[in-house]
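Hi,

Here is the structure you asked about. Have a look at it first, then read my notes below.

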Amino acid sequence: MSEPAGGHRAGSGAAIRAAAESVTDPEQRVLQRIAEIRKRRPALRETAISMSHGAGGRAGHTLTQALFAAVLGNPYLDQLGDQAVVPVAGLDGALAVTTDSFVVSPLVFPGGDIGELAVNGTVNDLAVGGAQPLYLTAAFVLEEGLDVALLRGIVESMRRAADRAGVEVVAGDTKVVPRGKADQLFITTTGVGLVRQPGRLGVHRIQAGDAVLLSGAIGDHGATVMLARGDVDLEAPGLRSDTMALWPLVAALLDADVEVHFMRDATRGGVATVLNEAAQQAGVAVAIDEEALPVHDEVRGVAEILGIDPLYIANEGKLVAVVAAADAERAVAIMRSTPEGAEATRIGEVRADPPAMVFIRTAFGGTRVVDMLVGDPLPRIC
Ligand code: MG
């Protein structure tokens, strides 16, 4: 298979693997790989922030690695996960901590609003780390002039989402900025959860031969927000955001002792970006089948009009799970038995080579490279 143009990750992948292969413990090997990647951290060349730095794709990763992790880095942050799992003396298990800001426009859209998103998004970043979500904090940045009835509706929606997810909002903060200095409302939520079996999940557990599963159809959230914003001239009355809490689905897999190796929710940057992160950090290849990808017709329509592959469109209630091949069928059945995973399916598998690469087998029998999201085709989607 040929390397993609400018494939610096593929080119250096061999060198990193060679350096890491002398270590036999899988976790140590991944940590060493991460250390090697850090050493040749991408340079941040831009002198000003652009929208693409917030899209969840390659520019965002460069900003995170070249600036935030470079300055603030420590063994937890350097893992570049959705959540940090930190030990607490005396605790039976470990604590998971995560934080996320929400700037979606419009504030309300079919199937949800910014408040519901702010709860579910943070709950899911805990859940995919195997953490039972417990407590949230919420910080609000309000623009002068914001309608109080609108704000109340959004906060009530947060309450319902929190009740459904089994979490409580236990602390918060409010700031107001002058008219024109923010767009109505931004929300930041921080979450803490309990990991009963630390080390059970992580990129270090991904192995060649593992099956790659998806919990349901992709692109519903991103496509819904684009339509709600009026960016696409298309009628799709059945299209709704998929925003929901994924802990019940995750708990079902963990409780059934499915050999899950890794999970991540496919938000900004879509499934393509999650697969690339996993392949890059674990030093493996991921091959997926185009025909196996569940995509609703309305999403296909929006994607075609915008010229975007649904693999890059944001989801707010879907996760990618990498599981041992022997457990794949059972895992899909368990996911499908939950309301969150009714359309769950197997989309591909992990391979040893070439490291840090994602491929898709097309319906026409061809194979192409699936890169990380470049640019920001869908701004302010969450
Ligand atoms: Mg996430």
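Along the chain, the donors of the magnesium ion follow the spacing D-x42-D-x139-D. This is a predicted model, so keep that in mind throughout. The three donors are D82, D125 and D265. Now place two of them. D82 sits in the loop between helix 3 (58-72) and strand 1 (84-86), while D265 belongs to strand 9, so this pair ties together parts that are 183 residues apart in sequence.

Which strands make up the open sheet, and in what order? There are seven, in the order 9-11-8-12-10-13-14. The pairing is mixed. In general, strands of a sheet pair through backbone hydrogen bonds, either parallel or antiparallel. Strand 9 (260-265) and strand 14 (367-369) are the edge strands, and each pairs on one side only. From one strand to the next, the twist averages 25°.

Strand 8 (residues 211-214) and strand 11 (residues 319-323) run antiparallel and share four bridges. Look for L213: A321 in strand 11 stands opposite. Helix 10 packs on the sheet. Helix 10 touches strand 8, strand 11 and strand 12 (345-351). The direction of helix 10 makes about 10° with that of strand 8.

Helix 10 has a helix partner too. Helix 7 (residues 247-255) packs with helix 10 (residues 328-336) at an angle of about 140°. Their axes are 9 Å apart. Why is helix 7 called oblique to helix 10? The angle is about 140°, and over 145 would count as roughly antiparallel. That makes helix 7 oblique to helix 10. The crossing is right-handed. On helix 7, the contact uses L249, A252 and L253. On helix 10, it uses A331, I334 and M335. By class, six of these contact residues are nonpolar, with no polar and no charged ones.

One more helix pair to find. Helix 6 (residues 220-228) and helix 9 (residues 297-306) pack at about 65°. Here too the axes are 9 Å apart. Helix 6 passes helix 9 in a left-handed crossing. D220, A223, M226 and L227 of helix 6 meet V299, V302 and L306 of helix 9. This contact has six nonpolar residues, no polar ones and one charged.

Best wishes

How values were computed: Residues numbered from 1 in each chain as written. Predicted model: local features only at pLDDT ≥ 70, side-chain atom pairs only at ≥ 80, totals over all residues. Heavy atoms only, no water. Axes fitted to C-alpha atoms, helices over the stretch in contact; angles between N-to-C directions. Helix = DSSP H or I, 4+ residues; strand = E, 2+ residues; numbered from the N terminus. Parallel < 35°, antiparallel > 145°, perpendicular 65-115°, else oblique. Left-handed = near helix turned anticlockwise from the far one by under 90°. Contact = heavy atoms within 4.5 Å. Nonpolar A, V, L, I, M, F, W, Y, C, P; charged D, E, K, R; others polar. Pairing = 2+ DSSP bridges. Donors = N, O, S within 2.8 Å, 3.2 Å for Na, K, Ca; no water.
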